[in-house]
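Here are my notes on this model. Please read them with the structure open.

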Amino acid sequence: MDCPPPVRREDDETDWAQAARKYLGVVSSGDEAAAVRASVEVKRLARHAPDPAARLAVRALVGVLARSPPPRLQAAASQALCSVARVDGGKFAAEVVDAGFFLVARRLLPLSEEVPQRILLRCLSCVLSFHATSRVGFARGGGAEVILDLFPGCSAATKRCLVEILSALALMREVRRLLLTVGKVEYLVEAISFGNLASRTRAAQAAGLLGASTIGRSLLVERGAPLALVGLMRDGDSSAKLVAANALGIVSSIGHHLPLIHQSGAIPLYAELLKEDHPLAKDIVEDVFCILISIRDNAGVVLENLAGILRGEDDLAISAAVDVLLALAEYKSTIPFLKSSGVITVLVDLLQNRNNDVIEKVTGVVAQLSYEEYVREGFMEAGAIPVLLDLLHGHLGDLTESAAAEALINFSEDPSCQEYAPMLQRVPELSAFRNHLFHFRMSQGHLIQSARRRIEQHLNSQ
């Protein structure tokens with residue numbers, strides 16, 4: 001039987017209802033070659049068909065697959081069904097699910113030859129991508145187990161389809177639990193490195209969720225997830241980098257896994273994230289860096305990379321880096337590396353930045369760091385005192401002037417600062433601010449003592 005051409009009316013428009021009926025007749029005729037040609041024609045016309053005809057085609061194509069057709073017809077019907085499902089960004093994906101496609105796919109996939117199987121997997125991936133809510137039904141109906149069973153021995157082309165499906169399913173808690181139960185976490189790790197970027201990003205997100213548990217975190221590390229996530233941070237787009245960075249922080253930044261972030265070369269990539277115009281970028285970097293500096297060998301590398309960002313021309317990135325540095329300044333482990341990393345020198349340079357917002361933030365960091373004798377020495381060597389005096393009289397705002405005054409008072413109280421002490425003593429603004437700072441320190445001291453007394457009373461009462 002020949003494949004019938006599309007039926008046209010007298011006005012030369014396609015009679016879609018008649019064409020759909022003819023297709024049903026062809027696929028029911030038993031003529032495989034004609035059914036294949038008819039399915040190819042459906043694929044070609046999919047994006048032009050009106051909604052009623054497309055819905056009828058979906059039912060017909062799922063019906064063809066439900067009959068366990070020969071390999072060529074299975075492949076042609078799967079391709080046509082995928083084309084219909086893709087129309088208008090997945091407009092008919094829900095129709096495909098409602099027609100019973102998942103049940104058919106679960107039965108056919110383990111039995112299919114490689115090429116028809118791969119085409120059917122592409123169709124399944126398409127439906128799961130466009131109709132996210134259907135992932136639950138497919139996975140809970142045994143679909144996740146079917147997909148995992150297809151991994152061993154599959155070709156690279158088939159694996160690409162499998163990881164893209166797995167990355168979508170692994171966003172579900174049940175599937176992540178299944179990966180742990182059956183010991184298939186390595187497939188999720190493969191999905192981070194293999195497949196299209198959207199799929200790799202989903203896999204990284206799923207890895208971050210799986211890494212929230214101790215067992216999941218250990219298995220991900222054993223299977224090489226840190227290196228896979230670093231790869232995604234290196235070559236992904238902005239969204240992928242953020243997801244991968246967050247997941248890597250979860251997977252690697254606890255306990256004995258912590259050195260992996262440094263060893264995998266991720267610290268410079270985290271610093272580069274500060275250039276991303278996204279509010280989460282700074283938070284992710286700050287969280288990871290604050291954990292990293294608990295290891296002495298990491299502190300110097302972290303500060304060197306922050307210094308590199310601070311030397312750049314991007315004021316937004318500089319501002320974010322200063323915020324991160326302000327958080328790190330609370331940790332004593334950073335102090336020995338502030339000079340050798342170049343941070344002190346670049347901070348003094350930034351005090352003369354053209355951007356007043358940057359100057360305000362940097363002055364605040366300098367004021368906080370100036371309480372450390374070792375750091376004061378570095379700032380004096382870098383010429384910070386004259387710059388701070390200029391800022392004190394620069395009319396750049398109360399916050400900048402107050403921070404500059406606080407730093408200068410700390411310098412003036414340093415015995416090693418004899419060279420500048422007489423000059424600082426004659427600055428009237430410092431005299432006024434010194435009294436304010438004295439009362440502030442006293443109040444802070446009283447608060448600390450009061451808190452200690454309450455803690456002691458609570459402990460003694462137990």
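1. Start with helix H12, residues 197–210. At 1.5 Å a residue its 14 residues should span 20 Å, and the end C-alpha atoms are 20 Å apart, so the two agree. The expected span is 1.5 Å times one less than the number of residues. Helices here are DSSP runs (H or I, at least four residues), and strands are E runs of at least two, numbered from the N terminus.

2. This is a predicted model: local features need pLDDT of at least 70, side-chain atom pairs need 80 or more, and totals for chains, interfaces and linings use all residues. Residues are numbered from 1 along each chain, and side-chain values use heavy atoms, without hydrogens or water.

3. How many residues of H12 are buried? The count is 10 of 14. Buried means under 20% relative accessible area (1.4 Å probe, protein chains only). Among them are Arg200, Arg202 and Leu210. The cover includes helices H9, H10, H11, H13, H14 and H15.

4. Look at the start of H12. A side-chain oxygen of Asn196 comes within 3.2 Å of the backbone nitrogen of Ala198.

5. Now helices H6 (residues 101–108) and H7 (residues 114–130). They pack at about 145°, with axes 11 Å apart. Axes are lines fitted to C-alpha atoms over the stretch in contact, and angles run from 0 to 180 degrees between N-to-C directions. The contact (heavy atoms within 4.5 Å) includes Phe101 and Phe102 of H6 and Leu120 and Cys123 of H7.

6. Finally, the whole protein chain. Its secondary structure is 27 helices and 0 strands. Of its 462 residues, 50% are buried.

Note on methods
Polar contact = N/O pair within 3.5 Å; in protein donor to acceptor, adjacent residues only side chain to side chain.
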